[in-house]
Structures are given as C-alpha cells and as structure tokens.
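Q: I have a chain open here and want to go through it. Can we start with the side chains?

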Amino acid sequence: LDQMEEVLLEDRDTRENATLVEHGIARTQDQLTKSLDRNIDKFELYIVRNILSVPTHLDTAGIVEQACYETSGSHTQQEEDQLDEELGQLRRKIHQAEFVKKAMTEKMQELDLELQNFR
C-alpha cells in the first residue's frame, strides 16, 4: 500500500488531492486488516474445533491405562536381576576405562616432558 500511495502521489493529477489519496489508502488498509483478522479468527476456530480436538468416541484414558498395564508386568524378576547384573558389569567397565584413560594421559604428559627435555 505504501508503494501504491507513492505512485499515486507521483502522478500530477492525483498529487493535487494528496489528502484524499492518504485517506483512501488508510481506509483500504483498515479494511484489509479487518478482513484478514476476521479470516484468521475463522481459521483459528476451525483448527480448534476440527484438528486439535479429540473425538468423543475415543477413550484416551483407557488407552493410556492399558499401555501402562502392558508394560508394567512384562518382565520377570529373573530378567530384572539379569539386567541389573549387566548394568553393574557395564559400570565396572566404564570405571576401568576411566582409570586406564587417566593413567595413559599421565604417561603421555610424562613422555611429552621427556621429549621437550631431549630437544
């Protein structure tokens, strides 16, 4: 609309009525804004009513309860104990790897010092 106003004000026939052009552009902008706001409101209502709503025939609470029930009793105590043992072994391996890494880092620093002293 700003460009339309500039074009109209550049023309010598419409330049004489600059206030009318400005007033007309302002009214056009107001009408476009109102129309856009109204259509956006309609779109928002459509989204809320048709897309973001859960149909009443779906029982979501029952679905969630069923999923929780199915996963809660699916493991035996023996399987859980085995998983705990594997987890413990993995933790021990991690601690060993951290110890080895620390020892290797210290040895590498010592060798770097020896190399610098050798030069």
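Q: Is Arg92 buried, exposed or partly exposed?
A: Arg92 counts as partly exposed, because its relative accessibility is 46%. Buried means under 20% relative accessible area, exposed over 50%, and partly exposed in between (1.4 Å probe, protein chains only). This is a predicted model: local features need pLDDT of at least 70, side-chain atom pairs count only at pLDDT 80 or more, and totals for chains, interfaces and linings use all residues.

Q: What does the Arg92 side chain meet in a salt bridge?
A: The side chain of Glu85, at 3.5 Å, N to O. A salt bridge is a side-chain nitrogen of Lys or Arg within 4 Å of a carboxyl oxygen of Asp or Glu. Side-chain values use heavy atoms, with hydrogens and water left out, and residues are numbered from 1 along each chain as its sequence is written.

Q: How many salt bridges does the structure hold?
A: The structure holds 1.

Q: New topic. What is the secondary structure?
A: The chain has 5 helices and 0 strands, in the pattern α-α-α-α-α along the sequence. Helices (H or I, at least four residues) and strands (E, at least two) are DSSP runs, numbered from the N terminus.

Q: Which helix has the lowest mean pLDDT?
A: Helix 4 (residues 60-72), with 56, while helix 5 (residues 77-118) has the highest, 89. pLDDT is the predictor's confidence in each residue, from 0 to 100. The chain averages 82, and 82% of the residues score at least 70.

Q: Which residues form the negative surface patch?
A: Asp2, Glu6, Glu10, Asp11, Asp13 and Glu16. Patches are made of residues with over 30% relative accessible area and no salt bridge; like charges are joined within 9 Å, and nonpolar side chains (Val, Leu, Ile, Met, Phe, Trp, Tyr) within 5 Å. Helix 1 (residues 2-10) gives the most to the negative patch, with 3 residues.

Q: Where is Glu16 found?
A: In the loop between helix 2 (12-15) and helix 3 (18-51). Glu16 counts as exposed because its relative accessibility is 68%.

Q: How much of the chain is buried?
A: Buried residues make up 3% of the 119 residues.

Note on methods:
Areas by Shrake-Rupley, 256 points an atom, 1.4 Å probe, with all protein chains shown as cover. Lys, Arg positive; Asp, Glu negative; His and termini not counted. Charge placed at Lys NZ, Arg CZ, Asp CG, Glu CD.
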